[in-house]
Amino acid sequence: MRGGKGSGFPVRVPRVGVAAEHADCCHKMNSLRKGAVAAQRGSAVGGCGACVVLIAKHNPKTEEVTEFTASSCLTLLYNINFCSIITTEGLGNSRDGFHAVLERMSGFHASQCGFCTPGMCMSIFTSLINADKSKRPEPPKGFSKLKVSEAEKAFSGNLCRCTGYRPIVDACKSFASDVDLEDLGLNIFWKKGDRNRDVSELPSYTLGGGVCTFPDFLKAELKSSLDHLNNPYIAASREGWYHPRSIKEYYELINSSFFSDSVKVVVGNTSSGVPGYKDQDLYSKYIDIGGILELSNILRMESGFEIGAATPISRTIEILEEECESISSPNGSVVFRKLANHMSKVATPFVRNTASIGGNIVLAQKFPFPSDIATILLGAGATVCLQAVAERRQITLEEFLEQPPIDATTLLLSIFIPHWISDSGTNTSLLFETCRAAPRPLGNAVSYVNCAFLGHASVDEQSDTLVLSNMRLAFGAYGTEHAIRAKKVEEFLTGKALTALVVLGAIKLLRETVVPMEGTSHPEYRVSAAVGFLFSFLSPLSKGIQEPGKSLGSSSADSADTDDVREAVYVDDIPSPKNCLYGEFIYNTRPLAYAKSIKFKSSLASEKLISFVSAKDIPSGGQNIGSSFTFGDEPLFGYPIAEYAGQALGIVIAETQRYADMAAKQVIIEYDSEDLSPPIITVEQAVEKSSYFDVPPELYPKEVGDVSKGMAEADHKIPSTEVKLASEYYFYMETQTALAVPDEDNTLVVYSSSQYPELAQSVIARCLGIPFSNVRVITRRVGGGFGGKAFRSFQVATAAALCVYKLRRPVRMYLNRITDMVMIGGRHPVKAHYSVGFKSDGKITALHLDLLINAGISPDASPMIPGTIISSVKKYNWGALSFDIKLCKTNNSSKSVMRAPGDTQGSLIADAVIEHVASVLSVDANSVREKNFHTYDTLQLFYPDSAGETSTYTLHSIFDRAKAGPGRVSVLNDGSIVVEVGGIEIGQGLWTKVQQMTAFALGKLWPDGGESLLERVRVLQADTLNLIQATLQACNMLFDRLKPVLDRLQQQSENVSWDTLISQAMRTGYLAKFLISTLTMELVEIDLLTGAITLIRGDLVYDCGKSLNPAVDLGQSTDYSFGLDEGNII
């Protein structure tokens, strides 16, 4: 968690001598500010919220200050000239004290790895101060005017991958004036069982936030600059940033001679974060049209209202809601209300605050962008006003979307949304509904399909049925160039009495209309969802159709209407050293090929290229190695053969990370696959080619019982049945990153976001051909790992080190999200065939498995996966268990350990078998599960090494038997305690537990038993060369461990090398085996029309033994229940 001084810092962009190439993102400005490290780089596309900051704008005429959140990774510096920015540094620090938001986040254990916490805090803080500006009644002291319902949405769009959302929600709800304090979860402010909770025991909150968001000196500067701001728009030609104040000035710019090269027209610049539409090159000139007043005008008329194209989406939502309140007709506001509701699910609040409604529509017009806004406005009958040089015209949105893509000579000026009402004179009712199906239906996800339905309904008195008229049925995002109206369906429905046969006819016509383009993912589902939404709209109105349940996919269903507070520093927060360069990988796009040549396009981005590093730059005596583990190495570069898509071919070097990322996009690679065998992509191809990795005998799992006998005893058998599990990306908040710095005497220091810095040190040294002692690897903390920062982090650290070795300058690498997901790999895909025998009562007598595991191109840690999969399968008593396992080598990125490695796959297989057996017997699956739970005798049979004692086995023994990382405890002269640990903090609360264990162990010497000792304990990360004090003790311990291994080896061979001894010891290992019992259960609701799933409730029971920190463990366990409406943890 972060902190800093108690106010914002101003952004004043110089008007002279600053090139447009420096019009970089707000994140860069924030990171350049001395001491400011809070805004993190997560997705870099505005999708995660890690870099959210508060931006404050001041209106000198009205003296009004407006605060809103924004993604600093998308916001251009020039766009926030004369604004004030607040990050969590503005909410306090460890020296001056922390703001209540930070303290409550910590006190409710709402932060673990801490990487997402700064963005969370800024979203919450902004919600508080905006709520406090409202005209609501004054809240009780210590509370904000925020409501509980608003608190639950305050950080909408901010992603967390460690903590689980319940403690974050509790921290935010603690500020709400209508909160019931008894409902809040575990925290440090009240003791367990306290019944008389009082807000005074929480960190004090001052109404209004208590922080100056726009300093007086900046207000004074802004006032003095009013004349300057009204000066002509044309800046010095070398600047490259232009800010026209009128449409006339805009066209003067466009028509001028110096606008012949690359130009980008911007308002909020959020389109640069949309996958598939991101900038592919740098721009030499920018035109910011956000300052053209006509593009921000709001014009209200009796027939509707016109909204300027540069109006932010969030402001559009506010206007729609205001219109709803101002309309007296009980049904007249339905269109505006549902439009606002649907728009609130587009992107995230901090993107909607800067994204313009016109920009969204233009993006949908120029590209096949699946815009929700374009679709729902098309359904609402919107029109647009366009300016093409001297001509201005008003056309329908449908006509606008269908015309050829516009260029900079055409401006979208405004959007008109008509006011639809019911006709009381003819007894006609207005109908309007919007729907969307998306991976996350409630927002922040691109839709699979979206639609809007509008029409009037009147009653046919003769048939007592409804008749529809003025129909508008809009569909988009299903794999189409742009949103369309289903006119044939509209014509078919118009004037007909709405019966079941008419609805059926409409659906048939719709299937002919909604046809996804070739190459669209999930085409059948998209069509099915579109049909389901139309059916859900029509069926309640038609005669003879039983009304279906609610459509969970409808975005606007509207019936009648734990870390301690500290200033955490991650690798990317470390200030860049002088002359620092930045690198980005160029990777292979073919599964198996020679990369004959690597060239770059002629472009602005290519001009920023300083150097290119490849396998040819590995020094003499070094190795082409990028990763290593017990079972083998993996090359850093695909040279001379690139063996899989995503393998590194080289590294481009530039002066900024953005330049490096852009330069990498300019690469042109010439491939040759002559004399190469076809690549092996699937496990089936691997079996055909006998392409496998060996699994050491000591790691190969052991079978149980006689499967043939068990099958003979079975009443029923299920023959070979397939179950598959695809791969899964790590999606840690902080992508792979490293900073390498040259040091004296041919040494270097590498700051790596790694879970395994010791092995990173060896890989770097081997690549460079230098002694291990010449490499110092430091890991301060990791912004999420889930296994992906173990062996897969070595590539980035080694690449940065190699660049330093060649260029003799510091080099920083921070992979963008796409590169990270393409190169790093993920969970092992598994294909299994099972045969099972069972009794009529559900008792299983035998199970045989044929497993194909896709390991990718290198062994990594894959030989361990068969054992962990089978260990997970063994959680049930199968009677007898046999298996045939093949670890397949394929031309894919290497798969590695990922949270619960093997256990996830094994659990899926085991429960798939249970569910299948239950289905065959037509009984409840839970009864079959219970029938096949282990007794202690069968537990010993399936887990002979880890069953423990029947009465004494608990999780307490884990802490006694588990292997501990290196550590040192020092008590300083003033009584403070420093604990140096080798474990890596990745969000699992390790350091918090180390602090507590230290206080517990030394608390016997403390008067109050150690309760006050905790604040004196500081935890430090041990680096790879910083364990001198513990060397002697560690060596004695290692000798005692290694001597028995040496004795065994010497019985086989008299001469045993050090490498052989260490290798065998590593294989033997000292990790104790233990079992943990866990049960999860979810209650879900499935919309059979659209496939949308709503999680109603989730329960998790797990035996954690004696928890060192229940709040941290609770947060870890609730991570499984991401997004549940309700859940219980026992």
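What is the mean pLDDT of the protein chain, and what share of its residues reach 70 or more? The mean is 83, and 80% of the residues get to 70 or more; pLDDT is the predictor's confidence in each residue, from 0 to 100. Over residues 12–22, though, the pLDDT is below 50, and this stretch has 32 contacts in the model beyond near neighbours in sequence. Contact here means heavy atoms within 4.5 Å.

Quick housekeeping. This is a predicted model, where local features need pLDDT of at least 70, side-chain atom pairs count only at pLDDT 80 or more, and totals for chains, interfaces and linings use all residues. Residues are numbered from 1 along each chain as its sequence is written, and side-chain values use heavy atoms, with hydrogens and water left out.

Okay, on to the cysteines. An unreviewed UniProt entry puts a "binding site" annotation on Cys113, Cys116, Cys160 and Cys162. They span 50 residues in sequence, but no two of their C-alpha atoms are more than 9.5 Å apart, so they gather at one spot. Bear in mind that UniProt positions are given in the numbering used here, feature names are shortened, and annotations may be inferred rather than shown by experiment.

Cys113 sits in the loop between helix 2 (100–107) and helix 3 (117–132), and Cys116 is in the loop between helix 2 and helix 3 too. Helices (H or I, at least four residues) and strands (E, at least two) are DSSP runs, numbered from the N terminus. Are these two buried or exposed? Cys113 is buried at 5% relative accessible area, and Cys116 is buried at 8%. The cut-offs are under 20% for buried, over 50% for exposed, and partly exposed in between, with a 1.4 Å probe and protein chains only. Leaving out residues up to four places away in sequence, Cys116 touches Leu159, Cys160 and Met733.

There's another UniProt "binding site" feature, also from an unreviewed entry, at Cys48, Cys51 and Cys73. These are spread over 26 residues of sequence yet cluster in space, with a largest C-alpha distance of 10.4 Å. Cys48 is in the loop between helix 1 (26–32) and strand 2 (52–59), and is buried at 4%. Its contacts, again not counting residues up to four places away in sequence, include Gly157, Leu159 and Met733. Cys73 lies in the loop between strand 3 (64–71) and strand 4 (83–86) and is buried at 13%.

Last stop: Ile1093, in strand 40. At 52% relative accessibility, Ile1093 counts as exposed.
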